[in-house]
Amino acid sequence: AYFLYAFIVRQLTSVWASWTINMEVKQGTLAMRLMRPIHPFFSYAIESLSAIPLRLTIAAPLAIFVLVWTGARYTVSGPPMAALGLLSIVGAWLISFSANLIFGALSFFTQSSIKLMDVWIAGYFVMSGYLVPLSLFPEVVRNAPYWLPFRYLLGFPVELFSGALSMREALMQLGAQWLWVVILSALAALTWNLGLKRFSAVSG
């Protein structure tokens, strides 16, 4: 049940804006995007969100399968927890999107920031609960993910939807997740604005 939930959360929170930004900065085509009346952040968000309906066609049957297979034993305990679960998905997507914007904007300062994004992804695989549930970590490092954003990308939503958290735990961790949303969103805006000052493009 845990890994099926993890797959579903992964489908709903995937973002690839950093690769798009790197390509557009390198080729100079970002200049055309900057000329449009809508801020590039909204364009990148729409491009990522547009894939969710198709991903839902894969995730929804799996969610139904989990409910039937487990007899709804490993699921949220009511509408309030379900609402928190939906908020956790939104928060996870925003963290992922903000991180993509940050690492994408770093390409203004280097030829390519893809390798830096790869480091983030490595941290995500290990510290989010994607490969191994965080509850199986050695006790000496088990609390470390609570202080990093990776857990709130996957492990937290999965535990919430699977009914592993109490209302108090869910609210506390939701607050921590959205604190990361605010921090990374602000950092994304700052990095982008600083990067634009260095941006110059030859025709793409």
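Colleague: A polar contact is a pair of N or O atoms within 3.5 Å, where within protein one must be able to donate a hydrogen and the other to accept it. With that in mind, what lies 3.2 Å from a polar atom of the side chain of S162?

Modeller: This is a predicted model, and in it the backbone oxygen of E159 is found 3.2 Å from a polar atom of the S162 side chain. The backbone oxygen of V158 also lies by that side chain, with 2.8 Å to one of its polar atoms.

Colleague: And where is S162 placed?

Modeller: S162 sits in the loop that joins α8, residues 155-161, to α9, residues 167-198.

Colleague: Is S162 buried or exposed?

Modeller: S162 is buried, because its relative accessibility is 13% and the cut-off for buried is under 20%.

Colleague: Let's follow the chain into α9. What span does α9 reach from its first C-alpha to its last?

Modeller: The span of α9 is 47 Å over 32 residues, which is close to the 46 Å expected at 1.5 Å a residue.

Colleague: Which residues of α9 are buried?

Modeller: The buried residues of α9 are A170, Q173, L174, Q177, V181, L184, A188, T191, W192 and G195. As background to that spacing, an α-helix has 3.6 residues a turn, so residues three or four places apart point the same way.

Colleague: What do the buried residues of α9 pack against?

Modeller: They pack against several helices, namely α2 (17-27), α3 (30-34), α4 (40-49), α6 (79-105), α7 (114-127) and α8.

Colleague: Switching to pockets, what volume does the largest pocket have?

Modeller: The largest pocket has a volume of about 340 Å³. It is lined by 15 residues, and Y5, I8, L12, A63 and F161 are the closest to its centre. The elements that each contribute two or more residues to this lining are α1 (2-13), α5 (52-70) and α6.

Colleague: Which element gives the largest share of that lining in the largest pocket?

Modeller: That is α5, which supplies five residues to the lining of the largest pocket.

Colleague: How does the lining of the largest pocket divide by class?

Modeller: The lining of the largest pocket is made up of 14 nonpolar residues and one polar residue, with no charged residues.

Colleague: What about the second largest pocket, what is its volume?

Modeller: For the second largest pocket the volume is about 210 Å³. Its lining counts 14 residues, and those nearest the centre are R10, V15, S96, I121 and Y124. Here α1, α6 and α7 are the elements that give two or more residues to the lining, and the largest share, five residues, comes from α7.

Colleague: And the classes in the lining of the second largest pocket, how many of each?

Modeller: There are nine nonpolar residues, four polar ones and one charged residue in the lining of the second largest pocket.

Colleague: What does G155 touch beyond its sequence neighbours, leaving out residues up to four places away?

Modeller: With those left out, G155 touches Y2 and S128. G155 belongs to helix α8, and it is buried, with a relative accessible area of 0%. Its C-alpha is separated by 37 Å from that of R198, which is 43 residues away along the chain.

Colleague: Now N22, is that residue buried or exposed?

Modeller: N22, which is found in helix α2, counts as buried because its relative accessibility is 6%. Apart from residues up to four places away in sequence, N22 touches F103, G104, S107, S112, S113 and I114.

Colleague: Last one, is L54 buried or exposed?

Modeller: L54 lies in helix α5 and counts as exposed, because its relative accessibility is 62% and the cut-off for exposed is over 50%. Between L54 and L12, which are 42 residues apart in sequence, the C-alpha to C-alpha separation is 10.0 Å.

Note on methods. Residues are numbered from 1 along each chain as its sequence is written. This is a predicted model: local features need pLDDT of at least 70, side-chain atom pairs count only at pLDDT 80 or more; totals for chains, interfaces and linings use all residues. Side-chain values use heavy atoms; hydrogens and water are left out. Helices (H or I, at least four residues) and strands (E, at least two) are DSSP runs, numbered from the N terminus. Buried means under 20% relative accessible area, exposed over 50%, partly exposed in between (1.4 Å probe, protein chains only). The expected span of a helix is 1.5 Å times one less than its number of residues. Contact means heavy atoms within 4.5 Å. On a 1 Å grid over the protein atoms alone, a cavity is a set of points where a 1.4 Å probe fits but cannot get out, and a pocket is an open set with protein on both sides within 12 Å along at least five of seven lines; lining residues have an atom within 4 Å of a point. Grid points are joined across faces, edges and corners, and a volume is the space filled by probe spheres set on the points. Ala, Val, Leu, Ile, Met, Phe, Trp, Tyr, Cys and Pro count as nonpolar, Asp, Glu, Lys and Arg as charged, and the others, Gly among them, as polar.
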